[in-house]
Amino acid sequence: EVQLVESGGVLVQPGRSMKLSCAASGFTFSSFPMAWVRQAPTKGLEWVATISTSGGSTYYRDSVKGRFTISRDNAKSTLYLQMDSLRSEDTATYYCTTGGFDYWGQGVMVTVSS
Amino acid sequence: DIVMTQGVLPNPVPSGESASITCRSSKSLVYKDGKTYLNWFLQRPGQSPQLLTYWMSTRASGVSDRFSGSGSGTYFTLKISRVRAEDAGVYYCQQVREYPRTFGAGTKLELK
């Protein structure tokens, strides 16, 4: 059974950093691109970033480019999202998903507030 | 960026009836391989999104055949036949033709 389990969400002040993790199991992690999608409270879905199987290619939405870094450790079957210079508009539930968006984690809440 | 625009459903929908959700893209989602790179998702209240269809009309694994996707390069429809209580939630279309990936704003389906 495919499982994606996010962790690392918490309350953080604007301008600070946070790193999310997503532990994957039940499939060959290294064979699949992976992505992060977020959802602000009561809002719709918003794609954040995608990473290729090797990690050699990454893609970001403009609003997080230069602040967020997506990475992966294929030996640990884990996906990461390093978030720097956080803003209040980054407040959302962050979902880890396979690159084809066919499997999703349960999501982790990130709140950016002073 | 490709803008995805979703229609509104005349809620609530009577159980057992059909419902069609529309989605329009600002650019053709047909790639040079001939496939149309359009996904549909359902997000039930309090749950993570679930992929329903990809390549516009291919159902994801385990998805009921009551869900069917169709369309052209820029106009798409998700039809739900014989609507049931478990179909309630917000439906999203998403283009994966190019980056940035973009979603529609969502269409809420409520049942009577």
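Predicted model: local features only at pLDDT ≥ 70, side-chain atom pairs only at ≥ 80, totals over all residues.
**Entry 1: the interface**

I began with who takes part: chain A brings 16 residues to the contact and chain B brings 14 residues. Next I looked up the area buried between the two chains, which comes to about 1,200 Å². Carbon and sulfur atoms give 66% of that area. On chain A's side, I noted that L45(A), W47(A) and F101(A) supply 47% of the area that chain A buries against chain B, more than any other three residues.

**Entry 2: polar links across the interface**

I then searched for charge pairs, and the rule finds zero salt bridges between chain A and chain B. Polar contacts do turn up: I count four residue pairs, with both residues at pLDDT 80 or more.

**Entry 3: the side of chain A that touches chain B**

Which strands of chain A each supply at least two residues here? I found β4 (34-39) and β5 (45-51). The largest share, four residues, comes from β5(A). Sorting the residues of this side by type, I get seven nonpolar, six polar and three charged.

**Entry 4: R66(B)**

I turned to chain B and found R66(B) in the loop between β5 (58-59) and β6 (67-71). Is R66(B) buried or exposed? Its relative accessible area is 5%, under the 20% cut-off, so I put it down as buried. I also followed its side chain, which reaches the backbone oxygen of R82(B) at 3.2 Å. Leaving out residues up to four places away in sequence, I list K79(B), I80(B), S81(B), R82(B), V83(B), R84(B), E86(B) and D87(B) as the residues that R66(B) touches.

Key. Residues numbered from 1 in each chain as written. Chains lettered and ligands numbered in written order. Heavy atoms only, no water. Contact = heavy atoms within 4.5 Å. Buried area = accessible area lost by both parts, 1.4 Å probe. Salt bridge = Lys/Arg side-chain N within 4 Å of Asp/Glu carboxyl O. Polar contact = N/O pair within 3.5 Å; in protein donor to acceptor, adjacent residues only side chain to side chain. Nonpolar A, V, L, I, M, F, W, Y, C, P; charged D, E, K, R; others polar. Buried < 20%, exposed > 50% of the residue type's maximum accessible area, 1.4 Å probe, protein only.
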